[in-house]
Amino acid sequence: MDKQIFSVGLTGGIGCGKTTVADLFAARGAAVIDTDQIAHALTAPGGAAMPDLVQEFGADYATPDGAMDRAKMRALVFADPGARARLEAILHPKIREATAAAALLATGPYVMFVVPLLIESGTWRERVARVLAIDCPEEVQVARVMARNNLPEAQVRAIMAAQVTRAQRQAAADDLILNDDGLDALLPQVERLHAFYLDEAARLASLPNERL
């Protein structure tokens with residue numbers, strides 16, 4: 001990414017609280033770009049990815065209003081790794097293009113990309129200066145997702161099994177936020193890292209030829 005803006009990739013397993021933490025950084029002025037929101041826009045009715053998705057998977061994978069049938073696609077890609085690769089081949093380039101365009105318009109002191117599968121994708125590590133992982137015990141993940149999405153435990157654990165392990169995520173991260181004990185425990189961690197990122201952004205801005 002050839003720009004003089006410090007960038008952070010925020011990631012975490014399902015149910016770790018990525019959105020909650022990202023919102024806290026946004027409230028402090030960070031320019032937050034959520035790749036999940038971009039993916040949803042691409043696969044909404046009239047979304048830029050829908051013609052390619054329908055051509056690749058068939059009209060059965062679109063809802064009557066023209067959006068991607070998420071439940072049906074989720075079931076397919078979990079059962080068929082080849083289908084997952086075909087889906088990603090359509091979505092990932094479009095997501096990458098949209099995130100780059102959003103970053104060019106960012107006005108905050110630093111950019112934070114929210115990327116659920118940042119570590120799994122293998123390409124984001126080179127695109128950001130720091131990787132921030134939101135961490136919590138696996139049992140907390142399971143309980144949160146079961147309550148939030150009304151999913152059975154077996155399905156939640158299947159989703160988690162398709163992601164890197166907690167230990168792998170911790171090892172790959174530059175920074176960690178532990179989100180297992182409510183907002184009072186979360187806020188000091190966010191404040192500390194926000195201050196650090198502001199310092200790093202200012203340092204980068206003082207180096208006119210620096211490239212991330």
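Visitor: Which residues does Gly 108 touch, not counting residues up to four places away in sequence?
Guide: This is a predicted model, in which local features need pLDDT of at least 70, side-chain atom pairs count only at pLDDT 80 or more, and totals for chains, interfaces and linings use all residues. Residues are numbered from 1 along each chain as its sequence is written, and side-chain values use heavy atoms, with hydrogens and water left out. Gly 108 is found in the loop between α5 and β3, where helices (H or I, at least four residues) and strands (E, at least two) are DSSP runs numbered from the N terminus. With contact taken as heavy atoms within 4.5 Å, and residues up to four places away in sequence set aside, Gly 108 touches Gly 29 and Ala 31.

Visitor: Does Gly 108 count as buried or exposed?
Guide: Buried means under 20% relative accessible area and exposed over 50%, with partly exposed in between, using a 1.4 Å probe and protein chains only. Because its relative accessibility is 18%, Gly 108 counts as buried.

Visitor: In what order do the strands of the open sheet lie?
Guide: Two strands are said to pair if DSSP finds at least two bridges between them. The sheet has 5 strands in parallel pairing, and β2 and β5 (175-178) stand at its edges, each with a single partner strand, so one side of each is left without a neighbour in the sheet. The order is β2-β3-β1-β4-β5.

Visitor: What twist does the sheet average from one strand to the next?
Guide: Axes here are lines fitted to C-alpha atoms, for helices over the stretch in contact, and angles run from 0 to 180 degrees between N-to-C directions. From one strand to the next, the twist averages 25°.

Visitor: Which residue in β4 is the bridge partner of Leu 10?
Guide: β1 and β4 run parallel and are joined by 5 bridges. One β4 residue among these partners is Val 131, which pairs with Gly 9. For Leu 10, the bridge partner in β4 is Leu 132.

Visitor: How many residues of β1 are buried?
Guide: In a regular strand the side chains alternate between the two faces of the sheet. Both faces of β1 are covered, with Phe 6, Val 8, Leu 10 and Gly 12 buried on one side and Ser 7, Gly 9 and Thr 11 buried on the other. The strand is therefore largely enclosed by the rest of the structure, the count of buried residues being 7 of the 7.

Visitor: What angle does the direction of helix α1 make with that of β1?
Guide: Helix α1 (residues 18-27) packs on the sheet, where it touches β1 (6-12), β2, β3, β4 and β5. Its direction and that of β1 make an angle of about 155°.

Visitor: Which element supplies the largest share of the lining of the largest cavity?
Guide: On a 1 Å grid over the protein atoms alone, a cavity is a set of points where a 1.4 Å probe fits but cannot get out, a pocket is an open set with protein on both sides within 12 Å along at least five of seven lines, and lining residues have an atom within 4 Å of a point. Grid points are joined across faces, edges and corners, a volume being the space filled by probe spheres set on the points, and about 30 Å³ of space lies in the largest cavity. Residues that line this cavity include Leu 53, Phe 57, Tyr 61, Met 68 and Met 73. The largest share of the lining, 4 residues, comes from α3.

Visitor: Which of the residues lining the largest pocket are the closest to its centre?
Guide: About 1,600 Å³ of space lies in the largest pocket, and α5 gives the most to its lining, with 7 residues. Of the 45 lining residues, the closest to the centre are Asp 36, His 40, Pro 116, Leu 117 and Gln 163.
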